[in-house]
Amino acid sequence: MAIVGAQKEITAAATSWEGVEARPHRFGGVEYTIGRREIGHIHGDYQVDIPFPVRVREELVAAGDAELHHVLPESGWITVRIRQRGDVAHAIGLLEKSYRLARRQRRR
């Protein structure tokens, strides 16, 4: 079951980070970008997809912090399902991790 208002809360958090913009995602929902790089996207109030290097994805999935991406399980993408209130903060934390990685790579 989705958490009503999750998309609004997650969008507010992500767009508060320097340089992050929100725009419609090509497969529905809202994507969050820094420059031309997507740091993740949300589908309604129920699911967040976030890109990471495969090594990081493997660590997150092994720790139980995320699922393999629902469509691209062999990629670095993860899926976070929003089923309870705590999942909103968890998704925000993982989006922030993606954001920090993107910022570090931009500085190089």
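Guide: Two strands pair if DSSP finds at least two bridges between them. The strands themselves are DSSP runs of E with at least two residues, helices are runs of H or I with at least four, and both are numbered from the N terminus. The model is predicted, so local features need pLDDT of at least 70 and side-chain atom pairs count only at pLDDT 80 or more, while totals for chains, interfaces and linings use all residues. Residues are numbered from 1 along each chain as its sequence is written, and side-chain values use heavy atoms, with hydrogens and water left out.

The protein has 3 helices and 6 strands, which follow one another along the sequence as α-β-β-β-β-α-β-β-α. The 6 strands form an open sheet in the order 1-2-3-4-6-5, with antiparallel pairing. Strand 1 (20-24) and strand 5 (67-68) are the edge strands, each pairing on one side only.

Take the pairings from strand 3 onwards. Strand 3 and strand 4 run antiparallel and are joined by 3 bridges; Ile 42 has Val 48 of strand 4 as its bridge partner. Strand 4 is joined in turn to strand 6 by 4 bridges, again antiparallel, and here Gln 47 has Arg 81 of strand 6 as its partner. Strand 6 then pairs with strand 5 over 2 bridges, in the antiparallel sense, with Leu 68 opposite Ile 78.

Angles here run from 0 to 180 degrees between N-to-C directions, and the axes are lines fitted to C-alpha atoms, for helices over the stretch in contact. Contact means heavy atoms within 4.5 Å. Helix 1 lies across strands 1, 2, 3 and 4, at about 10 degrees to strand 2. Helix 3 also packs on the sheet, where it touches strands 1, 2, 3, 4 and 6, and its direction makes about 165 degrees with that of strand 3. The end C-alpha atoms of helix 3 are 34 Å apart, which agrees with the 33 Å that its 23 residues should span at 1.5 Å a residue; the expected span is 1.5 Å times one less than the number of residues.

Buried means under 20% relative accessible area, exposed over 50%, and partly exposed in between, with a 1.4 Å probe and protein chains only. Buried residues of helix 3 include Val 88, Ile 92, Leu 95 and Tyr 99. A nonpolar core is a set of buried Ala, Val, Leu, Ile, Met, Phe, Trp, Tyr and Cys residues joined through side-chain atoms within 4.5 Å. The largest one has 29 residues, and Ile 10, Trp 17, Tyr 32, Ile 39, Val 48, Ile 78 and Ile 82 have the most contacts inside it. Elements that give two or more residues to this core include helix 1 (6-14), strand 3 (37-43), strand 4 (47-50) and strand 6 (78-81). Helix 3 gives the most, with 8 residues. Not counting residues up to four places away in sequence, Trp 17 touches Ile 39, Ile 92, Leu 95, Glu 96 and Tyr 99.

Val 54, in helix 2, is partly exposed because its relative accessible area is 38%. Beyond its neighbours within four places in sequence, Val 54 is in contact with Ser 75 and Gly 76. Val 54 and Val 88 are 23 Å apart, C-alpha to C-alpha.
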